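Dear colleague,

I am handing over the structure below, together with some notes on what was found in it. Please look through it first and then read on.

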Amino acid sequence: MAILFLFLDGVGIGKPGAANPLDASWPAIEQLAGGQRLTEPLSYILDEHHTVRAIDATLGVDGLPQSGTGQTALLCGINAPRIAGRHYGPYPHSKTRTQLTRKNIFSRILRVLNGTDEPVAFANAYPDRFFSFAKRRDRWTVTTRCCLDAGVRIRGEADARNGSALTADLTGEAWHDKLNIDVGRITPEKAGKRLAAISRQHAFTLFEYFHTDKAGHSRDHDRARNVLVDIDAFVGALLEELDPLSDLLLLCSDHGNLEDLEIKTHTRNPVPLIALGAKADLFHDVTDLTGVTPAIEKAAVALSNRAISSAS
Ligand SMILES: [Zn+2]
């Protein structure tokens, strides 16, 4: 698995209670969080092979955190809302453009693992129509912009069909029902196994899941629960595949939303940062979104050095 980063959009650590769908029994999520729900008050775990903590997503800027600046902070290690002058989204802000190119997680790892065969991957598949829309308007999301700038392949419909990428909804159901694209349907468990298999071929693999944010905006409890049913099964499969001595599973978000269905907007709550497995201790001192990518870069170097020394 090496390093696998599961980025969940719009998941904060909020108060327990009826408005918070994370305040329910989600066995795999709880296992990942060290035997607790992802709600306040979160007990921090700072062990050698496990980090669980809440990190700040507001970055000292007023207003509600947004995806464009939040994801840029998370995936580039820069204070994007401060550079932009405000929280901005959903697309990356033009003032962060140069730094996004130079400092994004893919570019960083490609630089430090220079010479390794296909060290990084973005496991999401995009429908063909996404490419035509994005190209026509030059409007790319933060993750796809990171790929373009680092020269990382963005996977498409054929990849989802042949098992070398995942649809954003994990199962392919939303593609079938809403986009009328049939790439086959798989269970969330199968999606977890597939992602683990993809990540074994790379030093670092990113997967982005945005239905958590959509469910938060909808304020629909059934929709939120269904999303968490899928995520819990998916995470359960990932945990089965994880070798904690050589793999590192990461989970983080860009801002809160899902954890408070009383309101339809994002929140200023902190977000969970979970690192499980090899080099998880490199994440102990991360306190906000900007610390995640530098820690991943360090972990990638440390794990590759270990692989080299065990091979020689
Ligand atoms: Zn977001």
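Strand β3 and strand β7 (residues 271-277) run antiparallel and are joined by six bridges, and within this pair A54 stands opposite P272 of β7. Helices (H or I, at least four residues) and strands (E, at least two) are DSSP runs, numbered from the N terminus, and two strands count as paired if DSSP finds at least two bridges between them.

Please bear in mind that this is a predicted model, in which local features need pLDDT of at least 70 and side-chain atom pairs count only at pLDDT 80 or more, while totals for chains, interfaces and linings use all residues. Residues are numbered from 1 along each chain as its sequence is written.

Both strands belong to an open sheet of seven strands with mixed pairing, in the order β2-β3-β7-β6-β1-β5-β4. At its edges stand β2 (45-47) and β4 (120-122), each with a single partner strand, so one side of each is left without a neighbour in the sheet.

Finally, I274 touches L32, A33, T51, V52, L250 and L251, not counting residues up to four places away in sequence; a contact here means C-beta atoms, placed from the backbone, within 7 Å.

Best regards

Terms used: Contact = placed C-beta atoms within 7 Å.
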